[in-house]
Amino acid sequence: MVYFTKDYFKFFKELAANNHKDWFDENRKRYHTVVKEPFEKFIGDLIQSIQKIDPNVDIAPKDAIFRINRDIRFSADKTPYKLNRSAIISPGGKKDKAHPGLYIEVGPEHIRIYGGVYQPDKEQLYTIRETITKNPDSLKKLMSDPSFVSTFGSIKGEKNKLIPKEFKEIGKKEDLLYNKQFYWYAEMSPQNALKADFIDQVMKVYTANQPLMTYFTKAMK
């Protein structure tokens with residue numbers, strides 16, 4: 001099924017040059033027709049496909065999709081609208097911080113599909129480090145899987161300069177223990193979204209990411 005048209009990307013290109021409320025209000029009906037509704041349909045079908053692999057993902061599109069409005073309260077950039085549509089698919093959707101999720105953004109510059117843990121709290125980060133310390137070879141094996149490497153490359157994320165003392169010794173060998181984020185992403189051309197097999201392409205990425213998602217899900221509990 002083809003979810004998106006060239007008008008989806010054209011809308012965002014024009015929005016980039018007219019990123020203010022007056023223009024958006026004048027084009028709101030167009031936004032609903034060529035952007036909002038197609039994206040909601042796509043995310044709904046993507047959720048259903050993921051549910052077949054992970055039945056815990058029992059959410060609706062509205063639980064997964066982020067608003068197009070930017071949070072400008074603490075930003076020097078006061079343009080009010082994002083230049084893509086995005087969603088996070090996990091058992092609790094966009095408000096879920098207890099499980100790793102699949103984040104996807106579709107815009108005119110690129111399509112990106114992320115997996116992993118972006119904002120673990122202090123306790124979750126500790127249990128992740130504990131899990132890595134107990135069996136570092138298990139994580140290494142998943143990270144070196146050819147499917148993961150060819151799709152995502154490696155685990156990324158910001159690092160702490162200091163870690164709890166109980167992790168310091170093994171941290172000399174296992175650099176990932178210094179991470180405070182553990183994520184990975186694949187990038188596609190926007191043209192991929194215009195193809196009938198787009199959802200199959202995204203699911204292929206999801207499948208490559210699933211073993212590590214399972215690892216971090218267990219590690220965070």
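I began with strand 2 (residues 102-106) and strand 3 (residues 111-117), which pair in the antiparallel sense over four bridges. Pairing here requires at least two DSSP bridges between the strands. Helices (H or I, at least four residues) and strands (E, at least two) are DSSP runs numbered from the N terminus. In this pair I found Ile104 opposite Ile113 of strand 3.

The model is predicted: local features need pLDDT of at least 70, and side-chain atom pairs count only at pLDDT 80 or more, while totals for chains, interfaces and linings use all residues. Residues are numbered from 1 along each chain as its sequence is written, and side-chain values use heavy atoms, without hydrogens and water.

I then looked up the sheet, which is open, has four strands in the order 1-2-3-4 and pairs antiparallel. Strand 1 (85-89) and strand 4 (182-188) are at the edges with a single partner strand each, so one side of each has no neighbour in the sheet.

Next I checked helix 9, which lies across strand 2, strand 3 and strand 4. Contact means heavy atoms within 4.5 Å.

Last I took helix 6 (residues 136-143) against helix 9 (residues 198-219): their axes come within 9 Å and cross at roughly 155 degrees. Axes are lines fitted to C-alpha atoms, for helices over the stretch in contact, and angles run from 0 to 180 degrees between N-to-C directions. The two helices are therefore roughly antiparallel (angles over 145 degrees). From helix 6, Ser138, Leu139, Leu142 and Met143 meet Pro211, Leu212, Tyr215 and Phe216 of helix 9.

How values were computed
Angles under 35 degrees count as roughly parallel, over 145 as roughly antiparallel, 65 to 115 as roughly perpendicular and the rest as oblique.
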